[in-house]
Amino acid sequence: MTQIETFYDVMRRQGITRRSFMKYCSLTAAALGLGPSFVPKIAHAMETKPRTPVIWVHGLECTCCSESFIRSAHPLAKDVVLSMISLDYDDTLMAAAGHQAEAALEDTIQKYKGNYILAVEGNPPLDEDGMFCIVGGKPFVEQLRHAAKDAKAIISWGACASYGCVQAAKPNPTRATPVHKVITDKPIIKVPGCPPIAEVMTGVITYMLTFDRLPELDRQGRPAMFYGQRIHDKCYRRPHFDAGQFVEHWDDENARKGYCLYKMGCKGPTTYNACSTVRWNEGTSFPIQSGHGCIGCSEDGFWDQGSFYNRVTDLTQFGVEANADKVGLAAAGVVGGGIALHAAVSALKSAQRKTQDTRSKEEV
Amino acid sequence: MTGAAGSSGQPAGGRPPLGTADAGHTGQHHVTRQTSIYVYEWPVRLWHWINAAAILVLIVTGWFIGSPPPSMQIGEATHQFVFGYIRFAHFAAGMIMTVGFFGRIYWAFVGNHHARQMFYLPLARKSWWQEIWHEMKWYAFIEKTPKKYIGHNPLAQIAMFFFMTVGLTFMIVTGFALYAEGVGQGSWLDAIFGPLRDWIGNSQVLHSLHHLGMYAILVFMMIHIYAAIREDIMSRQSMVSTMISGHRTFKDDAPE
């Protein structure tokens, strides 16, 4: 087994100065929510630890996770990130193709048995023996099971791998299934989002490499440091929510003033993600900042929650256009009508009875 | 007297039977008979009205949380807390209702047997099923004379059980699961109710369930108030005043 270069070696080889390297370490520490005392630890790990091999497989997906990932700004730019993790197999990014690529996958699995991280983008469809997604002439689910068998841990990139996303939306014709329902015997980190934030993706990887363990996960298996709070909890428009100042229509005066998008169907209050703190594209902006509500893309089954522009979920059980308000008001209306009718009949009947009573008394 | 409640009501204070000034010769006969039974003890009545008030506040504020009122421009967002107060009222009423509900459960153990009626269904009792049938006929205008009940009639008992005992529990649990989201991960509320949210998956589904629960309670409220008033007028016993004084009075002396 050849000695793999450390991160530091790679960085130096790529012409990154030690000063830049130390900056990177402190930025990473900050991104992970660690104190300054962790900076030398991260630096030490980067200098001494061999790079962890990563196999990145693609199932049913749109590659938006990869697109997001290669735009990560902190930790550092894409070339360093790619060098950092020794990405031994990623059919989208690697130079090799076809048999060569598949050979690289087999190589990595054999060489680093039990030591590599398996990153999964997309999910396997299970219907028709997985024939809806073929990689290297075989169903993707087989590649996934094969690669997962000797992996140290699995990262489920994005909403597809974590929850199923659009291909698993009702009626889910290919039975697209999230990774944790196919692979049940490995530690799995879910990094949901459509796509996940670039810095969240690289942050998770950096944490795992630095500390040689999984980051702290919440009950759903997401890294708590990035998915511990709702968009709503850290939203800069939150004061307008509490004040009761909402955008009523797109492009109205309130929209220009930057009021809360709650009435426009913003899913911020039900979405756990770091968009409102980390933001996107080097911290430039995030959906709410650009005037559109959150669509809740990092939540389980977000495609099945009805319109992106309505906060009350569609209830398809009751027909195409029904939601809780429509069903509830219809029920209340029916009951109200029933009560009115019943009351009318009751009054009529008792009036009738009273007339009969007086009549029978008169007869006596 | 039919079986629904037995007859362990206490006498009305044990006063000597006295005539009233405005009672005529025939009236005297009625007022000298003891025709009332103490059914709902004060904690039950107190709970009922606190619960009713809390539910009213919860429905109104909950409706506004789902569909907020028009935006208001009282001042800068810093100095304005309209929606915050609506949510505060909702949370406060929810907690009052929860405390009340626990108090009510406690009273089911230490109170009289009418206090327990809301929490179970006597499914094994044959006469209960017959009474259900009778009640259904009474409400369908087939039966001419209603039966006398000291406590709830069986249909009311079913409604109480499903909408109050089960329904309130559902609303309290889902409500606190939603409230725990705001309190944040790591809090004890999240430790208790977080797993429910994660089991359901998307918190928006939980919101929808809580929202639908509101309509169930609303429908119950409509039926409950209608039935109480209707029974007060048309049945052979007091209804509305019973939840104020605790005494059930009967309008005639017939045994059933």
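1. **Ground rules.** This is a predicted model, in which local features need pLDDT of at least 70 and side-chain atom pairs count only at pLDDT 80 or more, while totals for chains, interfaces and linings use all residues. Residues are numbered from 1 along each chain as its sequence is written, with chains lettered from A and ligands numbered from 1 in the order in which they are written.

2. **Two domains in chain A.** Chain A is assigned domain 1 (7–227) and domain 2 (231–311); such bounds come from an automatic or database domain assignment. Their centres, taken over C-alpha atoms, are separated by 28 Å. Contact here asks that two C-beta atoms, placed from the backbone, lie within 7 Å, and 16 residues of domain 1 of chain A are in contact with 15 residues of domain 2 of chain A. On the domain 1 side, the elements giving two or more residues are helix H8 (158–163), H9 and helix H10 (224–227) of chain A. By class, that side has 12 nonpolar residues, one polar and three charged. For the classes, Ala, Val, Leu, Ile, Met, Phe, Trp, Tyr, Cys and Pro are nonpolar, Asp, Glu, Lys and Arg are charged, and the others, Gly among them, are polar. Helices (H or I, at least four residues) and strands (E, at least two) are DSSP runs, numbered from the N terminus.

3. **The core.** Which residues touch the most other members of the largest nonpolar core? They are Ile55(A), Leu118(A) and Val120(A), in a core of 91 residues. Helix H9 (residues 198–211) of chain A gives the most to this core, eight residues. Domain 1 (7–227) and domain 2 (231–311) of chain A both give residues to this core, so it lies between them. A second, separate core has 14 residues, including Ala54(B) and Leu218(B). A nonpolar core is a set of buried Ala, Val, Leu, Ile, Met, Phe, Trp, Tyr and Cys residues joined through C-beta atoms within 7 Å. Buried means 20 or more other C-beta atoms within 10 Å of a residue's own, exposed means 12 or fewer, and partly exposed is in between, with C-beta atoms placed from the backbone.

4. **Helix H6 of chain A.** The 14 residues of helix H6 (residues 98–111) of chain A should span 20 Å at 1.5 Å a residue, and the end C-alpha atoms are 20 Å apart, which agrees; the expected span is 1.5 Å times one less than the number of residues. Buried in H6(A) are Leu105(A), Thr108(A) and Ile109(A). They cover an arc of only 100° around the axis, so they sit on the same side of H6(A); the arc is that of the directions from the helix axis to the C-beta atoms. On the other side of H6(A), the exposed residues are His99(A), Gln100(A), Ala103(A), Asp107(A) and Gln110(A). Leu105(A) and Thr108(A) are among the residues that Ile55(A) touches.

5. **Helix H2 of chain A.** The buried residues of H2(A) are Tyr24(A), Cys25(A), Thr28(A), Ala29(A) and Ala31(A). They span an arc of only 165° around the axis, which puts them on the same side of H2(A). These buried residues pack against helix H3 (38–48) and H9 of chain A. Gly33(A), with a positive phi near 75°, follows H2(A).

6. **Backbone spots to look at.** The peptide bond joining Lys170(A) and Pro171(A) is cis, with omega about 5°. Another cis bond runs from Cys194(A) to Pro195(A), with omega near -5°. Cys165(A) has a positive phi of about 55° although it is not a glycine, and it is buried, with 27 other C-beta atoms within 10 Å. Phe141(B), also not a glycine, has a positive phi of about 65°, but Phe141(B) is exposed, with 12 other C-beta atoms within 10 Å.

7. **Chain B and its partner.** Chain B has eight helices and two strands, and 29% of its 256 residues count as buried. Between the chains, 42 residues of chain A are in contact with 36 residues of chain B. H14(A) provides the largest share of the chain A side, 12 residues. That side has 16 nonpolar, 16 polar and 10 charged residues.

How values were computed: Lists of a residue's contacts leave out its neighbours within four places in sequence.
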